[in-house]
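User: Hey, could you walk me through this one? I'm new to it.
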Amino acid sequence: MTVTDTRALRDAFGRFATGVTVMTTREGDGTPRGFTANSFSSVSLDPPLVLVCIGNNAHSGPAFRAAPHFAVNVLADAQRDVAKLFASRSEDRFDRTEWHAGPHDLPLLPGSLATLICAQHKLVEAGDHVVLIGEVLETQISDGPALGYHRGEFITI
Ligand SMILES: Cc1cc2nc3c(=O)[nH]c(=O)nc-3n(C[C@H](O)[C@H](O)[C@H](O)COP(=O)(O)O)c2cc1C
């Protein structure tokens, strides 16, 4: 394959098994925003940094670029429907799932395996995505099977 072959590139990227997160934040007017992301990665322990890559065509991109804070909800296997909901273009995602306001008024999804409260650290433009780097301010964890993603399918980890 050549790297101009998008299907082949997607197939190669898809061989890398990942966890699944929902990134959440608020728009300036308080509207909750969130989308499913598997490009999440830890970056640094000191200072504590994480990243997520946001597609330039994501509707919630402008909200995440502008927001001083965002949350990473690391999904449990039981949250497969939540992952699908936040990967959809549905405008009423937050009316169709349980959530509550956490630190910095961030929308948080109950039942997540980990919650990371982050302050925006840096935005790095990279091709058709922006890399959002966050400094982790607070964490919460719980135990149980994780939701994963491999070769375009949700899996149990
Ligand atoms: C498993 C999975 C992982 C995804 N990871 C990302 C990601 O890392 N970055 C991204 O921009 N979109 C990702 N998406 C796509 C978004 O979730 C999807 O485009 C969503 O509709 C974006 O919502 P928005 O347009 O309201 O921002 C992923 C989708 C799935 C199913």
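Predicted model: local features only at pLDDT ≥ 70, side-chain atom pairs only at ≥ 80, totals over all residues.
User: What classes of residue make up the shell around the ligand?
Analyst: By class there are eight nonpolar, seven polar and three charged residues. Here Ala, Val, Leu, Ile, Met, Phe, Trp, Tyr, Cys and Pro count as nonpolar, Asp, Glu, Lys and Arg as charged, and the others, Gly among them, as polar.

User: Ok, which residues come nearest to the ligand?
Analyst: Of the 18 residues around the ligand, those are Thr 36, Ser 39, His 59, Ser 60 and Arg 93. Being near takes a heavy atom within 4 Å.

User: Which side chains have an N or O atom by a ligand oxygen?
Analyst: Ser 39 has one 2.6 Å from a ligand oxygen, Arg 93 has one at 2.7 Å, and for Arg 89 the distance is 3.0 Å. A polar contact is a pair of N or O atoms within 3.5 Å.

User: And which strand gives the largest share of the shell?
Analyst: That's β3, with four residues. β3 (32-37) and β5 (49-55) each supply at least two. Strands are DSSP runs (E, at least two residues).

User: Switching topic, what does UniProt list for residues 13-156?
Analyst: An unreviewed UniProt entry lists them as "domain: Flavin reductase like", an annotation that may be inferred rather than shown by experiment.

Methods
Residues numbered from 1 in each chain as written. Heavy atoms only, no water. Polar contact = N/O pair within 3.5 Å; in protein donor to acceptor, adjacent residues only side chain to side chain.
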